Amino acid sequence: MDDFLRLSAETARFTHGSPRAFSFGDDGRLLWFLRSTGPTDPLESLWVLDTATGAETRLADPRELSPEPGRLPVAERRLRERTRLVATGIGSYALSGDGLRAVFPLHGRLYGVTRDGSGAPVEIPTAGPALDPRPNADGSRTAYVADDALHLAPGGRISPADGARWGVAEFAAAEELDRPRGHWWSPDGVTLLAARVDESALQRRHFADPAHPELPAEDFAYPEAGGPNADVQLWVLGPDGARVRLDWDADTYPYMSDAGWESASEILLTVQDRLQRSVLLLTADPATGRTRELSRTTHPQWVDPLVPGTPARLPDGRMLTAVDTTGGAARALAVDGKPLTGDGIQVRRVAGIHEGLLLIEAGLRDPSEQQVLLLDPATGELTPLADGPGVHSVTASAGTLLLTSADADGIRRTVRTTDGRAFVPADLSAPLPHRVAPVLERVTEHGVPTALVLPRGHVPGRRLPVLMDSYGGPGFQDVSAEPRRWQHRQWWADQGFAVVTVDNRGTPYVSPAFTHAMYRGFSEVTLEDQVAALRALGERHPDLDLGRVGIRGWSYGGYLSAMAVLRRPDVFHAAAAGAAPTDFRHYDTAYTERYLGLPQEHPEVYERDSLIADAPGLTRPLLLVTGLADDNVHPSHTLRLSRALTDAGRPHQLLALPGVTHMTPGGTREKIMALELEFFRRELA
């Protein structure tokens, strides 16, 4: 492994030592966060910054609390996979309602710590390995999950032993609906709102570690496209065993994508129909369980799930929703159904209320950039808070802001207080090895965003083999001004490639119409745009040798890579496909059905997007990679394609990695990259 890959592995892709997971407490006076001690330290500690003084204090060190941690409990490991959490040590925490106390799990044990100087973290007794702890308003009690039951500390088990899982998010919610939690305290800290999850109708998926045949296989419930989903209910669990079920039409709206207490007498929850064409914001009475519709957002294809913070009630009682402008040109905001923003702004997130105005993250210019703006809900007037080149984001509380700005020169964070002071949380991560300024261009009649990274010191006139490195699927943007994502692409370029990244139609942040172009078909739009963009870039940049084109990717990018050599061998000459969902009939319900519909109703769509039938046509080199512990894209996807290729007598390479999950942490990605480099150098020589 060369120096760059070694450094990338040792620093967790340049994230060790970087502060993250910020939360304000005590009305903005305290800023809690996680950070390790330096660029090669993988163990994150819990810190707090006092905005009155700027002083940082480490409140909990995992080395002191758990010198010999052992393996993570299975439930915590799977929750980390759902939330893409690769950090070790204290990976997550939760604050009490007043923001003065934090609780966190550490290898199944539970700890609490306060900011009042009362001493070291204190272990909280639990009924078993603890998951997802949540303290109440004043921190006097903590709710947590152990062995699929909801417990209180102090207080004991609060959920009934009825065979269901309590207080957790089901697979579909955690993986696809951005809801990784399943219990919420009432404002008074006495009553809990809890999810009840019955997975008895779901199929089981199994994992066996071939490197350890003496160990039993693991299994978990998986909602496969076209099959049953988990039965999810919401219950109010009060003192003295009182229980009230929230009542909504769960047959029509089976997905519960958000929930929480608006006040002691009101719960707000967001539910969706199975195909996610209708999203309802409901108000619920915790005393009776009765619900009433407050707002409804509909779309003939699917309601885009990428605007966090909506739907919501404004302080004056009006409803804030996300809508598409006429013709699908922009993702906009509306108040009581009246559009508040227009085609000139792509709203990405509502971060809260600041000085009486909506605090939003949005795109004003190129899709690769993001700005932080204040939006007047009465007039629609915009005031920029951070709008320079790059990607800007914000966290806010009681007038105090944490602004994060990322561009080619790095990542900078600033805390701004209400009285005009500013503090910078210390960043102990390794400097990014390269300053990468990719050539960003919009190409084809669809205005597809593209990026080109050339070797440092490239001499014009020298022809370069092309390496396509794209994700290409819904929900993720590759072509962004965020600097970390270009470090590995610069490494690939420095190995002698022109690295091309394309955000084809179906990816977010260009426009709703651009995103919805993928409806009822992944393969055609994805591949068509990748090919058209590549050829357009070849015309603009003659140093790109389109006679030598490789393509690599992971997850949906792996699907794109395998599809590229199977269906367009005239364009793509070699592919490395990692964790590819080769047949979406075997992927999960919430993701797949949102875009493709039900397989029972549209079998031709699923057949068209499956790669299995393409196996006999393989004529180009193909390297397949899968982690044998991947519970997102199960290794059976890759193995089915490999078997079809073998049955058809088509040579290919298969790299199956025991114990490796979808996230490839711990230097696994870098080791795969080194093997891919050998493959592409050989096949594109």
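Visitor: What covers the buried residues of helix 11?

Guide: The model before us is a predicted one. The cover over the buried residues of helix 11 includes helix 8 (556-567), strand 43 (622-627) and strand 44 (653-657).

Visitor: Which residues of helix 11 are buried?

Guide: A residue is called buried when its relative accessible area is under 20%. In helix 11 this applies to S636, H637, T638, L641, S642, A644 and L645.

Visitor: Which residues other than glycine have a positive phi?

Guide: Among them is F14, whose phi is about 70 degrees. F14 lies in the loop between helix 1 (3-10) and strand 1 (20-25), and its relative accessibility of 1% means that it counts as buried. Another is D132, with phi near 50 degrees. D132 belongs to strand 10 (residues 131-135), and at 13% relative accessibility D132 also counts as buried.

Visitor: Where are cis peptide bonds found?

Guide: One joins A153 and P154, with omega about -5 degrees. P154 is in the loop between strand 12 (149-153) and strand 13 (156-157). Another runs from T310 to P311, where omega is near -10 degrees. P311 is placed in the loop between strand 24 (291-298) and strand 25 (312-313).

Visitor: Is W184 buried or exposed?

Guide: W184, which is in strand 15 (residues 183-185), counts as buried because its relative accessibility is 6%. Its contacts, leaving aside neighbours within four places in sequence, are R179, T191, L192, L193, A195, L234, M256, A259, G260 and W261.

Visitor: How far apart are W184 and L639?

Guide: Separation may be given in sequence or in space. W184 and L639 are 455 residues apart in sequence and 41 Å apart in space, C-alpha to C-alpha.

Visitor: How many helices and strands does the protein chain have?

Guide: The protein chain has twelve helices and 44 strands. Its radius of gyration is 25 Å, close to the 26 Å that the globule rule gives for 685 residues, so the chain is as compact as a globular protein of that length. Its C-alpha atoms fill a box of roughly 70 × 55 × 55 Å along the principal axes.

Visitor: What percentage of the 685 residues is buried?

Guide: Buried residues make up 59% of the protein chain. Of the contacts between residues at least 6 apart in sequence, 58% join residues at least 24 apart.

Visitor: How many positive and negative side chains are there?

Guide: The protein chain has 70 positive and 90 negative side chains. The centres of the two sets lie 3 Å apart.

Terms used. Residues numbered from 1 in each chain as written. Predicted model: local features only at pLDDT ≥ 70, side-chain atom pairs only at ≥ 80, totals over all residues. Heavy atoms only, no water. Helix = DSSP H or I, 4+ residues; strand = E, 2+ residues; numbered from the N terminus. Rg over C-alpha atoms; globule rule 2.2 N^0.38 Å. Buried < 20%, exposed > 50% of the residue type's maximum accessible area, 1.4 Å probe, protein only. Contact = heavy atoms within 4.5 Å. Lys, Arg positive; Asp, Glu negative; His and termini not counted. Charge placed at Lys NZ, Arg CZ, Asp CG, Glu CD.
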